[in-house]
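Colleague: Before I use this model, I would like to go through a few of its labels. Please set each value against its cut-off.

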Amino acid sequence: MKTFWTALLFMTLLVSCGTLSRKQETSTVKTSINQEHYINNAARPKLVVGIVVDQMRYDYLTRFYSRYGDGGFKRLMNDGFNLTNNHYNFVPTYTAPGHASIYTGTSPMNNGIIGNNWFDKFENKSIYNASDDTVEPVGTINAEGKMSPRRLLTTTVTDELELHTQGRSKVIGISIKDRGAILPAGHAADAAYWYRGGDEGTFISSTFYINELPQWVSDYNASNPSQSYMKEWNTLYPLNTYTASGTDLNDFEKAPRGKETATFPYDLPALQDKNGGYSLLKATPYGNSLVADFAIAALKNEQMGMDAIPDFLAISFSSTDYVGHQYGVNAVELEDTYLRLDLELERLLNALDHQVGDGNYTVFLTADHGAVNNPAYLQSQGIAAGYFENDALEQYLKEQLKIKYSNEKIIKKSLIVKSS
Ligand SMILES: [Zn+2]
């Protein structure tokens, strides 16, 4: 499947459990929050939990609304504030600039994260937003651990919290994607953890944050957490109830290697070897389950939200993005991933209620970007749609430059646009 994702995101949910009045207009919400926190400093939360759902479109709240339980997305929508008129003021809206902008409060021209990858004219090479040759992996020897927020040029809200409390706040970032954990956690964090697939299936970090994994992370990794999710992926509910999505079998989805059709059920153990080992779990709802498991373990073992100094747990659910890329926004696989994520959110919120207490923590949920329908699917519906032809554009530019300047070498590097 050829994909072309563009900028879409209009969704932010904010819930401050129990401390603020319900369902106010957007403009009123800000006033209410500011005044309450200004007047009564004691009302500050013990813990802030930032949740980014990678590639979540706003309409997933409404398209699947009747299918969600009361304790996940609906709890945030109905007990919190639903800010529906948000826009990103930059392109491209990929994962790295999205996470950087959410947490720095400024756009890529200032925070420096202008893409997932870009050509650095000073280093004279293409670079990845989080790569850092000056740090070492922690919890693995794989180069996937050589990551840091070094290219993030402004402070994050998590940095500001650490500065404000003289480093006494506990700040931890967690995600399947390195950039989904690192950019939200910022520079002053206690740790960021991301997923190492392949033959390991564990959470790793880098020496930017820590020199070795805490005991609880080592224990968690030693329990072989990914193996329990290496099982069949079938729909949560009967297939014929997925009426908010297209048919399971269609021409617009990409099956994993070793499987003929992109249809349920997915026998993950049988597909594992041809799809990168545990990395296969990234493009299933179980990647989100792993992140929820690990976040709840961090909450408990790091004693987050247990004293008067506010802590910050930054969680990014990446599997929604991998599933979106593999199967598209109209797929049963995608609907099933959101129905299961809803249950993981409920589990997370219940753990927060249990440990920190309803009313003592603040949660926000947003997305780093959205996604467009598969253009080939839109074309099949008679809708005007198409693909951006990178190569043709580069060729055209070269020809024009040759005509005008008699020089074909003015373009130093053409970056093929791919998103995630
Ligand atoms: Zn993303």
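Colleague: Which backbone nitrogen lies 3.0 Å from a polar atom of the side chain of aspartate 368?

Modeller: That of glutamine 55. The model is predicted: local features need pLDDT of at least 70 and side-chain atom pairs 80 or more, while totals for chains, interfaces and linings use all residues. Residues are numbered from 1 along each chain as its sequence is written, and side-chain values use heavy atoms, leaving out hydrogens and water.

Colleague: What makes Asp54, Thr95, Asp368 and His369 donors of the zinc ion?

Modeller: Donors are N, O and S atoms within 2.8 Å of the metal (3.2 Å for Na, K and Ca); water is not among the atoms, so sites may look incomplete. The protein donor atoms here lie 2.0 to 2.1 Å from the zinc ion, so they qualify.

Colleague: Why is the site of the zinc ion called tetrahedral?

Modeller: Four donors count as tetrahedral if all angles lie between 85 and 135 degrees. The angles among the four donor atoms are 99 to 119 degrees, so the label applies. The ideal tetrahedral angle is 109.5 degrees.

Colleague: How do you know that aspartate 368 has no salt bridge?

Modeller: A salt bridge needs a side-chain nitrogen of Lys or Arg within 4 Å of a carboxyl oxygen of Asp or Glu. For aspartate 368, the nearest side chain of opposite charge is lysine 177, 5.3 Å away.

Terms used
Tetrahedral: all angles 85-135°; square planar, octahedral: opposite > 155°, others 65-115°. Buried < 20%, exposed > 50% of the residue type's maximum accessible area, 1.4 Å probe, protein only. Lys, Arg positive; Asp, Glu negative; His and termini not counted. Polar contact = N/O pair within 3.5 Å; in protein donor to acceptor, adjacent residues only side chain to side chain.
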